[in-house]
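Subject: Handover of a structure and findings

Dear colleague,

Please find below the sequence and structure that I am handing over to you. A summary of what was found follows.

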Amino acid sequence: MEITEVKVFPIQEEKLRAFVSIVIDRCFMVNDIKVIQGRDGLFISMPSRRKKNGDFKDIAHPLNNDTRRMIEERILTEYEGTVGAPVVRRAHRQETDGVAIAADRAAASEQIIAQPAAQTLDEVQEQHLSDSFWTVR
C-alpha cells in the first residue's frame, strides 16, 4: 500500500491543527483525518462518527500498528511541510491493537475551544470541495 497523495487543510484551534485527506494507491480516498495536538505531541485521529449513545465509531482505520505508524508519519511529514516549521510527534508506544485508537479517540473527543483561525471550518470545507484535487478522473 502506498499513500500517493496527501492534502493538508491547516486549522488554528486549541487542539485541532488540521484536517487531512489521503489517496491510497491512486484509487482510494480517506477524508477527515485530524491532526491533533496532544500532551506529548502531534498525532492523527482517523475519521469517525458519533453514535446515538455518544460513543464514536470509526469510519475507516488501519488494522495494525505498523500501518497506523506509516500513515501517521506520512501525514505529519506533509503537515510539517505545509506549516513550514518542525513539529513534535508523539512517541509511539508498545501497545495492543485498539489501545492507541481508544486513547486517540478520547483525546480527539475532548472539547476543542476555537481561537482566532487563519481559516474558518466553512472556508476549509469550501476549499476542500472546490479544489481540483478532489475531482473524479
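How many bridges join strand 2 to strand 3? The two strands run antiparallel and are joined by 7 bridges. Please note that this is a predicted model, and that every value in this message was computed from it.

Overall composition

The chain has 137 residues, and 34% of them are buried. It contains 3 helices and 6 strands. Starting at the N terminus, the order of elements is β-β-β-β-β-β-α-α-α. The accessible surface of the chain amounts to about 8,500 Å², with 50% of that area belonging to carbon and sulfur atoms. As for contacts between residues at least 6 apart in sequence, 47% join residues at least 24 apart.

An open sheet is formed by 4 strands in the order 1-2-3-4, with antiparallel pairing. Strand 1 and strand 4 are its edge strands, each pairing on one side only. From one strand to the next, the twist averages 25 degrees. In general, strands of a sheet pair through backbone hydrogen bonds, either parallel or antiparallel.

Strand 1 is linked to strand 2 by a hairpin of 5 residues. These two strands pair in the antiparallel sense over 7 bridges, and Val-6 has Ile-22 in strand 2 as its bridge partner. On the side of strand 3, Val-23 has Met-29 as its bridge partner.

Helix 1 lies across strand 1, strand 2, strand 3 and strand 4. Relative to strand 1, helix 1 runs at about 50 degrees.

The nonpolar cores

Which residues have the most contacts inside the largest nonpolar core? They are Val-20, Ile-22, Ile-33, Val-35, Ile-44, Ile-75 and Tyr-79, in a core of 18 residues. Two or more residues of this core come from each of strand 1 (3–10), strand 2 (16–24), strand 3 (28–38), strand 4 (41–45) and helix 1 (65–83).

Backbone points for your attention

Most residues other than glycine have a negative phi.

- Asp-25 lies in the loop between strand 2 and strand 3, and its phi is near 50 degrees. Is Asp-25 buried or partly exposed? Asp-25 counts as partly exposed because its relative accessibility is 38%, between the cut-offs of 20% for buried and 50% for exposed.
- Asp-32 is found in strand 3, and its phi is near 65 degrees. With a relative accessibility of 43%, Asp-32 therefore also counts as partly exposed.

Yours sincerely

Methods. Residues are numbered from 1 along each chain as its sequence is written. This is a predicted model: local features need pLDDT of at least 70, side-chain atom pairs count only at pLDDT 80 or more; totals for chains, interfaces and linings use all residues. Side-chain values use heavy atoms; hydrogens and water are left out. A nonpolar core is a set of buried Ala, Val, Leu, Ile, Met, Phe, Trp, Tyr and Cys residues joined through side-chain atoms within 4.5 Å. Buried means under 20% relative accessible area, exposed over 50%, partly exposed in between (1.4 Å probe, protein chains only). Contact means heavy atoms within 4.5 Å. Accessible areas come from the Shrake-Rupley method with a 1.4 Å probe; for residues, only the protein chains shown count as cover. Two strands pair if DSSP finds at least two bridges between them. Axes are lines fitted to C-alpha atoms, for helices over the stretch in contact, and angles run from 0 to 180 degrees between N-to-C directions.
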